[in-house]
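Here's a quick briefing to read with the model open beside you.

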Amino acid sequence: MRFSRRTILSVILVLLIVVMFLPIKVPYSFEATALVFPSREWYFNKGQDDSYVSELHDLKTNVIINLKGYKFERGDIAEVYIKEGLKSGDFITQSDTIAYIHSYFIENEIIRLENLKDVELASLDANTVGQKQEQIDEQEKEVAFAKQQLVLEEKNYNRQLKLFNDSVISLAEFEIFDNGYQLAEINVQIESSELLTLKTGRKPEEIKYIHQKINSYSREIETLNNLKQQYYIKSPISGVVNFNSTLNGILTVSDTNQFMLKIPVKMYNIQYLDRISAIRFSIPGYNDKIDASFIDLDENVNLMSNQQMVIAKALIEGKIQKVYPGMAVSCKVMCDEITIFEFLKRGIHLKF
């Protein structure tokens, strides 16, 4: 018995419909060409107004986790010296010094303050040297004589005080001896201070003032030296160095300990990303399949090949020697398991 073509097509259609609604599930996935990026990158760039900027970016979260700016005084000349022998592709470790910013203003300020400090130190030496011994001996005699006079004036004062208390002498007479006693005390202080000056140089308060100026200059010099140390540019991460050819770019260090994928995803596939079971990619020239774990989506929508795309980020698990920043890889994103009908519906982008 021969069947007509219409009958055969009808049977095939029925079979297809039956298969579509069978409780058989198939995995849903989509493929894309992804780009490899380091998980972190550090940039040393030229900023505005002849300044420089150090930025550490966490590309997993799109967050700047460290930002440092280098600004200079107006009229200053700042020069950047790159580490001798450093070239693109070199690996550096964290805290390696890779450049130095030379500031003429800071250098001149340090020299100026050191000169002022030296002047004060010389002044201190000159004013703490005692006078000749003959002058000191003569002044010691003056101090001794003043003390003797004080003793005599004190005795007179005490006698006259007794007479005054007994109303023998008047207040006016007593005040003469009181003033003589006070003048004798003051004279002892003056002669003693003069003796100290001859022995040590200037007066103690003048020496103290010189010490304060020296300490002030020392603190300013220390502050500028600490600032100068900040101008030694050190990488906050370990990674591979590249000389940045972009506008105002100087250096870039890419963290090679961990990489991530940026996967372009068509808008209608975004809804399935919360059901991802695996992400695998292959390196050009190799058959190995390498796993990556989904992180999240970028918030921006991009237009690629006349289609709206959102970038999904995935972290590459483990350290893979054959992976390099900027590499394009073939990536497969595996989502949930669905029925054949649902698979076909997604495939032809039907909306019910």
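V301 sits in strand β13, which covers residues 289–304; strands here are DSSP runs of E with at least two residues, helices are H or I runs of at least four residues, and both are numbered from the N terminus. With a relative accessible area of 46%, V301 is partly exposed, where buried means under 20% relative accessible area, exposed means over 50%, and partly exposed is in between (1.4 Å probe, protein chains only).

This is a predicted model, in which local features need pLDDT of at least 70 and side-chain atom pairs count only at pLDDT 80 or more, while totals for chains, interfaces and linings use all residues. Residues are numbered from 1 along each chain as its sequence is written, and side-chain values use heavy atoms, with hydrogens and water left out.

- Setting aside neighbours within four places in sequence, V301 is in contact (heavy atoms within 4.5 Å) with M267, Q308, M309 and V310.
- One of these, M267, is 34 residues from V301 along the chain, and the two C-alpha atoms are 8.7 Å apart.
- L315 belongs to strand β14, residues 307–316, and counts as buried at 17% relative accessible area.
- If you again skip neighbours within four places in sequence, the contacts of L315 are K60, Q258, F259, M260, A292, S293 and I295.
- K262 is 53 residues from L315 along the chain, with 9.1 Å between their C-alpha atoms.

**The whole chain**

- The protein has 352 residues, and 33% of them count as buried.
- You'll find 6 helices and 15 strands in it.
- Among contacts with a separation of 6 or more, 69% join residues 24 or more positions apart.
- The accessible surface is about 22800 Å², with 53% of that belonging to carbon and sulfur atoms; these areas come from the Shrake-Rupley method with a 1.4 Å probe, and for residues only the protein chains shown count as cover.

**The open sheet**

- Six strands make an open sheet in the order β4-β3-β2-β10-β9-β6, with antiparallel pairing; two strands pair if DSSP finds at least two bridges between them.
- β4 and β6 (91–92) are at the edges with a single partner strand each, so one side of each has no neighbour in the sheet.
- Strand β3 (residues 52–58) runs antiparallel to β4, and 7 bridges join them.
- On that pairing, E55 has L67 in β4 as its bridge partner.
- In a regular strand, side chains alternate between the two faces of the sheet.

**Around β7**

- β7 is mostly covered, with 6 of its 7 residues buried.
- It pairs with β5 in the antiparallel sense through 5 bridges, and I82 has A99 in β7 as its bridge partner.
- β7 also pairs antiparallel with strand β8 (residues 232–234), this time over 3 bridges.
- A99 turns up again there, with I233 as its bridge partner in β8.

**Loops with positive phi**

- Most residues other than glycine have a negative phi.
- N62 is not a glycine, yet its phi is positive at about 55°.
- Look for N62 in the loop between β3 and β4, where it is partly exposed at 48% relative accessibility.
- S95 is another residue other than glycine with a positive phi, near 75°.
- S95 lies in the loop between β6 and β7 (97–103) and is partly exposed, at 46% relative accessible area.

**A nonpolar surface patch**

- I77, Y81 and Y104 make a nonpolar surface patch of about 310 Å².
- Patches are built from residues with over 30% relative accessible area and no salt bridge, joining like charges within 9 Å and nonpolar side chains (Val, Leu, Ile, Met, Phe, Trp, Tyr) within 5 Å; a salt bridge is a side-chain nitrogen of Lys or Arg within 4 Å of a carboxyl oxygen of Asp or Glu.
- I77 is in the loop between β4 (63–70) and β5 (78–82).

**Cysteines**

- How many disulfides does the structure hold? The count is 0, with a disulfide taken as a pair of cysteine sulfur atoms within 2.5 Å.
- C331 is buried at 1% relative accessible area, and C335 is buried at 4%.
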